[in-house]
Amino acid sequence: RRKLRNEVAAAFPTLSTEQLAELVPNKEELNVIKIHSHKGEAITVYMNHRNPILFEVEKVLYPTVYTLWVYPDLLPAFATWPQVLQKLAGGADLMLPGVVVPPSGLAQVQRGTLCAVTLLGNRAPVAVGVATMSTEEMLAAGMKGKGFAVLHTHLDHLWEYGDKSSPPTLAPLGTDCAGDEELQGKEPGSSCCPEPQQLMDIRDLSLKDRDTCAELGKEELPEDRAEGGSLEEQPEDSRTPQEQMDALFHQCFFHALKCKVKKSDLPLLTSTFLGSHMVSCCPAGKQLDIKKSSYKKFSKFLQCKQHQRILQVKELSKGVESIVDVDWKHPDIKAFAVPEGFSSASAAQDSKSEDREQVYHAPEIIPLYGVSTKMIPLFQESGHRKGSILSSSEVRNTIINYVKSNELVDETNKNFVKVNAILCDCLLDKSEQDEISHLKWDELLSRCLERLQPLHQVTFSGQEPVVRKGNIEPIDISIAQRSSNKKVTIIKNLELYGLDPQCVANTLQQKVQASATISPAPGAKDRVQVQIQGNQIHHLAKMLLEEYQLPRKYIQGLEKAPKLSHKK
């Protein structure tokens, strides 16, 4: 910790001794994790209070947005327009036309200076980037070209390692954000300035899985903005952005119920209702984002509609909610007028299956591990208790820290770990306790994972993560024999992956021109199975693996596909 504190003090000289002690505490838990970006860079992340506070790439320290929210004046700051944040979080660098120039002028920085990016009217940083040119060069270029190589933003994958909180609202240093002479804050000296060549190496640091590096140009900003002027895209709409998002959700909700959903579709997964029906009712140029509404969660939005007796929602399987009933005679549905420019209800119904396929996103599934009673002695040194939920990397780090802190690495062979009394009780069977005195690192870790309680976290697109006990059941595909020696293909557990069984049945039926039915799944309460004539595993595999992008490890039974005959 002393070494890290010295490195932080050297990188950010404006931090006081008290601030350094607060950022890198002496006694509180401070975790270190190693991750890799999709480009392959090795990244060291320092965690405090379950939030990433610093990350290190090629021996250079950078603060996260969580740290900058506590110390907003740590880095020179440059403001941009609120709508630019979505582009930055998607992988774009910040172009100079997207930088707001205050009347007092820009903060003075040199090429390679680490800088913060804020949104107009709020001093809380939302991104960390490196200046690709000095302030003089920016002005000489007429505020055109790339200004900052963005390394990390609010909403990216590094931010998701923390508590996923939103930026605080910090008033600008002056009273008027447009005319504030100190909008950018005081320049805190040269904080962590990589060499220009190194900048080109780290600019692709992908903590947010960027596929492309779109560049922000003038076309994304109001053409009639003046320097330092405030943004007023829709002066005629006096509603707040939150009120506008609420209204958009209400409009798409009633539009979807009136034109997209039929009684035969029920029960309908709430994820399908949002991702397919409501999204397809969204007007051009607008995007549904539940986190920007007053509801914050789609489940709360539906609860509100359930209280109004418009529909009924039930959890048919744990963590998976479905709409089971709709009152189409409700006055609010009957009074809703479909906006101009949308196709008729019948045309929308005809294209329903195609829409559903296009908007389906495979859920993110993360294996987790719970600390059981037997494993408490091994994990309590790291502050974990019975029932604590850890990721595989957290388990690994805990074991490594335990072994090193207790000096259990074998002196003659570093690949082996000495088994002390606690490791013996936690990881060895009774028959092994007198025989095994050393374990290889990989065996030590695998034994530990086997003895922890298995859990998994499922995150569907646009919804909050759900943690469930046990390992997730795979999609089960089997072949059964029916009368007259006919074969049928049976598919189970589609609901666990956010797939609508009725949608899958309809799509399969169209692809293979065979009869498909839905029936209750034997032995599984409130679940259904899809049954289609013939051995259709080849078509199923193509749909699930290629179209729906589901990992093969979550699909069971693909090996039962019929063998294709090769004619010479």
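**Close-up views of a predicted model**

**View 1. Strands E2 and E3 pair up in this predicted model.** Five bridges hold E2 and E3 together, and the two strands run antiparallel. The hairpin of E2 and E3 has two residues between the strands, and here His49 adopts a positive phi near 55 degrees. While you are here, have a look at how covered E2 is: six of its seven residues are buried.

**View 2. On to the pairing of E1 with E2.** Strand E2, residues 42-48, is joined to E1 by seven bridges, and the two run antiparallel. Two pairs are handy landmarks. Ile35 has Ile43 in E2 as its bridge partner, and His36 stands opposite Ala42 in E2.

**View 3. Stepping back, four strands make an open sheet.** Their order is E1-E2-E3-E4, with antiparallel pairing. Strand E1 (30-36) and strand E4 (60-63) are the edge strands, each pairing on one side only. From one strand to the next, the twist averages 25 degrees. Helix H1, made of residues 2-11, lies across E1, E2, strand E3 (51-57) and E4, and runs at about 75 degrees to E4.

**View 4. Here is the largest nonpolar core, with 33 residues.** Ile475, Ile477, Tyr497, Leu499, Leu544, Tyr548 and Leu550 have the most contacts inside this core. Strand E19 (475-481), helix H18 (501-512), strand E22 (528-533) and helix H19 (537-547) each supply at least two of its residues. The largest share, six residues, comes from H19. Apart from this core lies another, of 32 residues, which includes Ile35, Ile53, Leu54 and Leu75. As background, nonpolar side chains in soluble globular proteins tend to be buried together.

**View 5. Now zoom in on the surroundings of Tyr497.** Leaving aside residues up to four places away in sequence, Tyr497 touches Tyr360, Pro363, Ile365, Phe460, Ile472, Glu473, Pro474, Ile475, Leu550 and Tyr554. Of these neighbours, Ile475 and Leu550 are also listed with Tyr497 among the residues with the most contacts inside the largest core.

**View 6. Finally, helices H8 and H10 cross.** The axes of H8 (residues 241-259) and H10 (residues 298-307) come within 12 Å and cross at roughly 65 degrees. This crossing is right-handed. On the H8 side you will find Phe249, His250, Phe253 and Phe254, which meet Phe298, Phe301, Leu302 and Lys305 in H10. By class, the contact has six nonpolar residues, one polar and one charged.

Terms used: Residues numbered from 1 in each chain as written. Predicted model: local features only at pLDDT ≥ 70, side-chain atom pairs only at ≥ 80, totals over all residues. Heavy atoms only, no water. Pairing = 2+ DSSP bridges. Axes fitted to C-alpha atoms, helices over the stretch in contact; angles between N-to-C directions. Contact = heavy atoms within 4.5 Å. Core = buried A, V, L, I, M, F, W, Y, C linked by side-chain atoms within 4.5 Å. Buried < 20%, exposed > 50% of the residue type's maximum accessible area, 1.4 Å probe, protein only. Left-handed = near helix turned anticlockwise from the far one by under 90°. Nonpolar A, V, L, I, M, F, W, Y, C, P; charged D, E, K, R; others polar.
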